[in-house]
Amino acid sequence: MSWLSRQAAKGRPEHELIASPGRDIAVTAVVLTLTAVVFIAVAEHGALAHIQPVDNSWLRLMVANRATPVTTIAKVFNLLGLVSVTLPVRIAIAGFLALRRAWWHLAAFVAAIVLSEVLIGTLKGIYDRARPPGSLVATSGASFPSGHSIAASVTIVAAVIALVPPGRRRAWWGAGAVAFSVLMALSRAYLGAHWLSDAIAGVLLGTSCALLAALVVGALQRRRGRRQPGGPAPPAGQPASGTTEPVDRR
């Protein structure tokens, strides 16, 4: 029996998606607010008139300081953000969660991905912003928001939430996910595939989708758990009620 099959056969109760609802609601609210501010600013001509010079300056800075090693790394990030890469990764994560019978986590992951995919095309059509000139990679469609940044951030943030139990370890993985998302965004602006504001908006929107999906599905999970004996498993590092197991503080 393979390792995946053994994990699936164990049929363990799922740990909670959201361990600290108050804190996670606050974090999600902050990210959603920042996302809304950026999208409203780009939609408002007066605000965009102040944003565009910053985008222009950033593009000039990138063009003036391009170097072969950095360009190569940026093009690797470009490949990582393609559908041909993100789709198999998403399918693999969803398949793993299904094998583990982690249905709540699977629901949160899939909901985040679906929401982001619906928003990418819709928002690009609404904003219809022209791309920067002289991109080093092939591009298509409107520039705002960055599809690569959205896809990368929603996939990696939603994956961390779905795969890593709440606790210190999730915090570290989450920091790594954010760092990867930021690097993806910077690579898009470096290559001239997007304006800097497109890339920032993409990271914020992808992260918002992941956090919002986890928050909603996590609330449903807790409500369902209160109605059933036992409920969901406690977060990693916390002993079940009535036990004397030590707390894992890794």
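Predicted model: local features only at pLDDT ≥ 70, side-chain atom pairs only at ≥ 80, totals over all residues.
I started with Phe-144, which is buried at a relative accessible area of 0%. Buried means under 20% relative accessible area, exposed over 50% and partly exposed in between, with a 1.4 Å probe and protein chains only. Residues are numbered from 1 along each chain as its sequence is written, and side-chain values use heavy atoms, with hydrogens and water left out.

Next I searched the whole structure for aromatic pairs and got four. Rings of Phe, Tyr and Trp (its six-membered ring) pair if their centres lie within 6.5 Å; planes under 30 degrees apart are stacked, over 60 edge-to-face, the rest tilted. Tyr-127 and Phe-144 have ring centres 4.6 Å apart and planes at 55°, so I logged the pair as tilted. Tyr-127 is in helix 6 and Phe-144 in the loop between helix 6 and helix 7, so the pair ties together parts 17 residues apart in sequence. I also checked Tyr-127 itself: 21% relative accessibility, so partly exposed.

**Overall fold**

I counted nine helices and zero strands in the chain. Helices (H or I, at least four residues) and strands (E, at least two) are DSSP runs, numbered from the N terminus. Of the chain's 250 residues, 42% count as buried. For contacts (heavy atoms within 4.5 Å), I took those with a separation of 6 or more: 81% of them join residues 24 or more positions apart.

**Cores**

I looked for nonpolar cores, meaning sets of buried Ala, Val, Leu, Ile, Met, Phe, Trp, Tyr and Cys residues joined through side-chain atoms within 4.5 Å. The largest has 38 residues, and among those touching the most other members are Phe-39, Leu-97, Phe-109 and Val-154. Helices 2 (21-43), 5 (83-99), 6 (103-127), 7 (147-163) and 9 (196-227) each supply at least two residues of this core. Helix 9 gives the most, with nine residues. A second, separate core has six residues, including Ala-74, Val-137, Leu-191 and Ala-193.

**Phe-109 and Arg-90**

I then listed what Phe-109 contacts, leaving aside neighbours within four places in sequence: Arg-90, Ile-93, Ala-94, Leu-97, Thr-155, Ala-158, Ala-159 and Ala-162. Arg-90 is in helix 5, and at 10% relative accessibility Arg-90 counts as buried. Beyond four places in sequence, Arg-90 touches Phe-109, Ile-113, Glu-117, Ala-151, Val-154 and Thr-155.

**Helix 3 against helix 8**

I checked how helix 3 (residues 45-64) packs on helix 8 (residues 168-191): the angle is about 80° and the axes are 8 Å apart. Axes are lines fitted to C-alpha atoms, for helices over the stretch in contact, and angles run from 0 to 180 degrees between N-to-C directions. Helix 3 and helix 8 are therefore roughly perpendicular (65 to 115 degrees; under 35 is roughly parallel, over 145 roughly antiparallel, the rest oblique). Trp-58, Leu-59 and Met-62 of helix 3 meet Leu-186, Ala-189 and Tyr-190 of helix 8.

Tyr-190 came up again: Arg-66 lies over its face, 5.8 Å from the ring centre. A charge sits over a ring if NZ of Lys or CZ of Arg is within 6 Å of the ring centre and within 35 degrees of the ring normal.

**Ile-156**

Last, I looked up Ile-156 in helix 7. Ile-156 is partly exposed, at 24% relative accessibility. Not counting residues up to four places away, Ile-156 touches Ala-177, Phe-180 and Ser-181. Ile-156 and Ser-181 are 25 residues apart in sequence and 7.9 Å apart in space, C-alpha to C-alpha.
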